[in-house]
Amino acid sequence: MRTGFPDFRLGSVLATSFTGTLSERHGNAVERIPTPHRLVDWLAVNGLAVDSCTPAQLELARELRESIHAAATAAAIQDALPASAVQVINDRSAQGRAAAMLTPEGERRWRLGSASCVEDALGVIAADAISIIAGERDGKLALCASPTCRAAFFDTSQSRTRKWCDMNTCGNRQKKARFNANQRKNPRSAE
């Protein structure tokens, strides 16, 4: 893993984890895949190892990321899916050549095309986005309650009432801000 870059925010759902490569969209945005090599790193961490990435492929990835974010956001608020986002997701899904493989441990792994190219990996991510946006998986799309984040995430909690994309970042930040605000209102309660 290359040093000097922000850590990846990894989740259990590939498509929404991918949209998390740009965080704090409504605050001080943090780009977690600023270079082609960093996209290669992210793909490898997520079981989609590719040989290399060009600047043009990085732009395709970012276009897919923003399209998934737009479509997932619309689905989370039960709005119409943006046609341009749907087109990008469908195009990337159709262009990828990957096969799902079952491991001896009973897990799914992806085998990318023989050249292990970025387009194949993007096809897997797009297909994952299609499955969650289409409602094919058990869970629901939601938006992070943090006003600076508003990331789309896939809520698989039993009650489907999760508020934050990540409790360790957005959730803790919001709870700390609420605690500090209460301390300012009631300074004696800290004694």
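Me: Is Glu24 buried or exposed here?
Reply: Glu24 counts as buried in this predicted model, because its relative accessibility is 10% and the cut-off for buried is under 20%.

Me: Where does Glu24 sit?
Reply: In the loop that runs between strand 1 (22–23) and strand 2 (30–31).

Me: What about the phi of Glu24?
Reply: The phi of Glu24 is positive, about 55°, although the residue is not a glycine.

Me: OK, now Arg150. Which loop is that one in?
Reply: Arg150 is in the loop between strand 5 (140–143) and strand 6 (152–155). Arg150 also has a positive phi of about 55° without being a glycine.

Me: Switching to helix 3. How many residues, and what span?
Reply: Helix 3 covers residues 55–76, which is 22 residues. From first C-alpha to last it reaches 31 Å, close to the 32 Å expected at 1.5 Å a residue.

Me: What happens just after helix 3?
Reply: Gln78 comes there, with a positive phi of about 55°.

Me: Back inside the helix: where is Ser67, and is it buried or exposed?
Reply: Ser67 lies in helix 3. Ser67 is buried, because its relative accessible area is 8%.

Me: What does Ser67 touch, leaving aside its neighbours within four places in sequence?
Reply: Ser67 is in contact with Ala85, Val88 and Ile89.

Me: And which backbone oxygen lies 2.9 Å from a polar atom of the Ser67 side chain?
Reply: That of Glu63.

Definitions and conventions: Residues are numbered from 1 along each chain as its sequence is written. This is a predicted model: local features need pLDDT of at least 70, side-chain atom pairs count only at pLDDT 80 or more; totals for chains, interfaces and linings use all residues. Side-chain values use heavy atoms; hydrogens and water are left out. Helices (H or I, at least four residues) and strands (E, at least two) are DSSP runs, numbered from the N terminus. The expected span of a helix is 1.5 Å times one less than its number of residues. Buried means under 20% relative accessible area, exposed over 50%, partly exposed in between (1.4 Å probe, protein chains only). A polar contact is a pair of N or O atoms within 3.5 Å; within protein, one must be able to donate a hydrogen and the other to accept it, and residues adjacent in sequence count only if both atoms are side-chain atoms. Contact means heavy atoms within 4.5 Å.
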